[in-house]
Amino acid sequence: MARTEKKKDVVLVGFGWTGAIMGIELANEGLEVLALERGHDQDTVPNFQYPEMIDELKYGIRYGMMEKPANTTVTIRRSLDEEALPYRSLGTFLLGTGVGGAGTHWNGLNWRPMQSEYKLKSYITEKFGAGVMTEDMTIQDYPMTYEELEPHFDRFEKVAGISGTAGNVNGKIIEGGNPFEAPRSDEYPMPAMPSTWDGVKFRDAAKAAGYHPFPSPGGIASKDYKNEYNMQMGPCNHCGFCERYGCYNYSKSSPQTAIIDALKRKKNFEYRVNSEVLRVEKSTDGKTVTGVTYFDHKTGEEVFQPADLVILTAFALNNVHLMLVSGIGQPYDPNTNEGVVGRNYAYQITGGYTLFFKDENFNPFIGTGANGFCIDDFGIDNIDFAKEGFIGGAYWRAGQTNGQPGHTMPLPAGTPSWGAGWKKGIGEWYGHAMSIGAHGSVMSYRGHYLDLDPTYKDRHDRPMLRMTYNWHPNEIRQTQFMKQKMEPVAKSMNPTTMQEGFKKEGAMFDVRPYQTTHNTGGTVTGDDPKTSVLNRYLQSWDCHNLFVMGANTFPQNTQYNPTGMVGGLAYWAAEHIRKDYLPNPRPLV
Amino acid sequence: MRDLPGLPSRRGFLKASAATAAIAGIASHAKAEQKPEPVALTEYKPDCLKPSEWAFVMAAVARLIPSDGEGPGAIETRVPVFIDKQLAGDYGKASDWYMVGPYQPAASPLRGWQTPLNPLETYQQAIPVFDEWCKQTHGKIFAELDPATQDKALTSLQKDEMKIKPELREFFSILLANTKEGYFSDPMYGGNHGMAAWKYIGFPGARGSYKEWVGKHNVKYPLGPVSISGERG
């Protein structure tokens with residue numbers, strides 16, 4: 001051990017959304033708080049400045065904001081008997097790095113899960129009978145209720161600066177919002193963003209079909225805004241560079257725009273970049289943790305950072321990896337279905353229709369990450385699982401996010417991929433296409449999990465995280481159901497031509513095309529230490545001064561983008577740490 | 001208001017402001033002087049490609065995005081320069097990728113890049129293999145074939161009719177991807193010369209400000225592209 005740093009009250013591992021939330025909430029309690037960030041420092045100025053930021057090659061195609069697989073990656077296999085291979089170059093998911101983490105390069109779509117998603121297993125059992133679940137399904141209830149989480153969702157939405165139209169305020173259904181959302185205590189802090197033509201066309205078609213369209217809720221400022229930490233946002237100019245980019249306009253919610261500058265002003269808060277945590281250190285009796293050991297990339301040495309309280313606030317996959325390499329909690333074994341760390345990994349299933357309109361102009365470069373209109377008529381609360389033969393649901397959305405031609409160039413099926421036919425195709429169809437997407441839930445299964453790879457090591461000689469995942473027939477049935485329901489809506493819009501992109505029976509997980517970065521589970525929250533890593537306050541069952549944030553706490557994936565839930569859970573945990581744990585440190589359950 | 005001769009006019013000032021506003025935020029790059037024409041492709045000294053490789057890339061991209069018909073081709077947009085520069089840099093070396101063995105290049109393609117070769121090595125090793133195949137099948141190396149036979153040969157490469165070894169399996173897909181990247185990327189990377197590809201399809205490049213056009217539904221956006229360095233088209 002080359003160096004030991006002065007003890008802190010709290011050490012946060014990772015400085016993205018949950019690190020920033022925990023940082024400011026615990027610094028406000030007067031604690032000495034340190035955030036350790038693996039990546040570099042970055043802020044709107046100078047890192048996200050116009051015009052250098054809106055460079056499709058550097059950021060959209062070569063992934064300049066993402067963690068390089070050369071530094072950190074995972075191995076992936078589709079089944080227990082396949083050999084896992086490294087995810088060598090980026091494709092299906094994009095893991096961020098640096099201050100702000102994934103919160104800098106996201107699209108901004110912000111949701112609260114639907115009401116049935118919190119007590120999913122009980123809901124299914126009571127309403128349809130346990131028999132509708134497949135035998136290998138390992139889904140379970142969240143150990144907290146929506147009502148308990150509601151104030152924390154509300155707070156996160158107000159801190160992050162979310163634009164949207166409420167559909168249910170304290171049980172009162174509001175025209176124009178999502179009538180199927182769980183009741184909220186207040187409106188969104190900003191009105192919904194205006195939509196481009198594709199979203200409006202979908203809204204009208206969905207309405208004509210008897211569905212209930214509402215503007216997509218997102219962390220994109222529709223007006224000037226100031227939050228409780230006096231952090232400010234400016235109205236978005238629809239530049240069409242959200243996902244994979246930092247926002248140069250202070251318009252997209254991020255840890256930088258919402259929290260970090262306020263946090264940096266606090267004398268009892270410190271953050272260190274290029275400081276990669278290698279493991280959490282346990283006390284000799286194993287009942288608490290003593291701090292973390294990190295690699296200081298500036299000095300090239302390992303550093304022990306003692307702390308009274310350790311909170312893992314890295315990306316979902318990194319939090320799980322740290323628990324495994326630190327030997328905290330029993331690793332999950334799919335053969336015996338015992339153990340907990342790595343259990344219930346889940347992803348997200350997406351599909352959709354692309355519609356081409358020869359004579360209409362969509363100006364696809366005008367967009368935001370949370371553009372357009374959605375429907376929740378096929379959300380998880382609204383599906384009869386017994387009748388339809390699957391468990392899950394999806395929200396649909398139409399709203400162009402970008403028209404960057406290097407990676408967003410939809411062409412009608414049959415267009416050649418090169419040559420004269422391709423060149424003619426891009427001239428004819430760029431700007432004349434739109435899409436409708438279904439964003440679906442993924443359940444947890446015995447065979448889908450995370451553990452340590454037996455072969456491949458990372459640059460610190462730690463075993464890599466190994467992911468075992470494939471498309472399950474339940475999700476294929478769900479996405480095929482969405483296709484069947486979406487087809488008539490798409491047809492009713494009378495496109496010149498249209499084509500579908502939904503996964504079919506037998507589809508194998510393909511790591512090459514970008515799909516989604518919504519990786520969930522692995523250190524799930526629950527009521528029973530035999531099936532969860534964390535109790536209802538996201539506190540480790542094994543070491544009471546260790547808390548773990550992130551989408552890795554989800555028992556199964558919801559049908560939504562995870563950030564709203566991740567933020568809400570962080571505020572929920574922060575409140576219980578502040579009010580209950582700090583005065584008397586102990587297992588809270 | 002009438003402009004007075006010899007004096008800076010208010011109207012002139014307003015006109016200038018409106019023009020500045022229309023190019024939305026490019027103020028710091030507004031100089032946009034006419035750039036000198038770059039060196040001809042035939043005179044270009046590649047950063048990393050050897051003469052035979054350069055000849056192949058020139059010939060291949062000319063078929064992947066041909067010059068005839070509407071819209072610019074890969075040659076006028078200087079895609080070969082882009083490819084040479086990319087292969088000479090971090091991309092060519094796979095500097096960002098996890099390139100530690102053991103490797104399984106014959107694994108299912110769904111499992112991503114699994115060859116031990118980086119993109120530059122893939123070009124370097126695949127071009128002679130493909131040229132040799134062209135010679136045996138069509139009598140000449142690729143660059144010397146007529147365009148119709150070149151199209152046939154590229155189709156065979158795309159369909160892997162020559163059963164190229166698995167280490168080189170991704171060659172056609174990166175060649176095509178790099179060609180399109182060069183066509184559509186900001187001109188500062190060497191391709192998309194004169195923003196010609198952006199003008200052809202109607203992408204405004206780095207303009208990045210459309211608040212006034214969000215609500216103009218189904219109305220074609222009127223302004224041409226700007227580049228990151230301030231070129232205007």
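Helix axes are lines fitted to C-alpha atoms, over the stretch in contact, and the angle between two axes runs from 0 to 180 degrees between N-to-C directions. This matters for two helix pairs described below. The model is predicted.

**Chain A as a whole**

Chain A holds 13 helices and 24 strands. Its C-alpha atoms fill a box of roughly 70 × 55 × 50 Å along the principal axes. A compact globule of 589 residues would have a radius of gyration near 25 Å, and the 23 Å of chain A agrees with that. Of the 589 residues, 59% count as buried. Take the contacts in chain A with a separation of 6 or more: 76% of them join residues 24 or more positions apart.

**The core and helix 13**

The largest nonpolar core has 220 residues, and A:Leu12 and A:Ala573 touch the most other members. Helix 13 (residues 563-581) of chain A gives the most to this core, with nine residues. Leaving aside residues up to four places away in sequence, A:Ala573 touches A:Tyr537, A:Leu538, A:Phe547 and A:Met549.

Helix 13 of chain A also meets helix 6 (residues 146-160) of chain A; their axes come within 8 Å and cross at roughly 115°. Angles of 65 to 115 degrees count as roughly perpendicular, so helix 6 and helix 13 of chain A are roughly perpendicular to each other. Their crossing is right-handed. On the helix 6 side of chain A, the residues in contact are A:Leu149, A:His152, A:Phe153, A:Arg155, A:Phe156 and A:Ala160. On the helix 13 side of chain A, they are A:Gly564, A:Gly567, A:Gly568, A:Tyr571 and A:Trp572.

**Helix 9 of chain A**

Helix 9 (residues 316-326) of chain A is mostly covered, with ten of its eleven residues buried. Among the buried ones are A:Ala316, A:Leu317, A:His321 and A:Ser326. A:Gly327 follows helix 9 of chain A and has a positive phi, near 65°.

**Chain B and its contact with chain A**

In the contact between the chains, 52 residues of chain B meet 50 residues of chain A. On the chain B side, helix 2 (51-64), helix 7 (171-184) and helix 8 (196-201) of chain B each give two or more residues. Helix 7 of chain B gives the largest share of that side, four residues.

Helix 7 of chain B packs within its own chain too. The axes of helix 3 (residues 79-88) and helix 7 of chain B come within 8 Å and cross at roughly 115°. These two helices of chain B are therefore roughly perpendicular to each other. Their crossing is right-handed. Helix 3 of chain B contributes B:Val79, B:Phe82, B:Ile83 and B:Gln86 to the contact. Helix 7 of chain B contributes B:Asn178, B:Thr179, B:Glu181, B:Gly182 and B:Tyr183.

**Backbone details**

| Bond | Omega |
|---|---|
| A:Val45 to A:Pro46 | about 10° |
| A:Tyr50 to A:Pro51 | about -5° |

A:Pro46 is in helix 2 (residues 44-47) of chain A. A:Pro51 lies in the loop between helix 2 and helix 3 (56-61) of chain A.

A:Asn337 is not a glycine, yet its phi is positive, about 60°. A:Asn337 sits in the loop between helix 9 and strand 15 (343-346) of chain A. A:Asn337 counts as exposed because it has 12 C-beta neighbours inside 10 Å.

B:Lys163 is not a glycine either, and has a positive phi of about 50°. B:Lys163 is in the loop between helix 6 (147-158) and helix 7 of chain B. With 8 other C-beta atoms within 10 Å, B:Lys163 is exposed.

Terms used. Residues numbered from 1 in each chain as written. Chains lettered and ligands numbered in written order. Predicted model: local features only at pLDDT ≥ 70, side-chain atom pairs only at ≥ 80, totals over all residues. Buried ≥ 20, exposed ≤ 12 C-beta atoms within 10 Å, placed from the backbone. Rg over C-alpha atoms; globule rule 2.2 N^0.38 Å. Contact = placed C-beta atoms within 7 Å. Core = buried A, V, L, I, M, F, W, Y, C linked by C-beta atoms within 7 Å. Parallel < 35°, antiparallel > 145°, perpendicular 65-115°, else oblique. Left-handed = near helix turned anticlockwise from the far one by under 90°.
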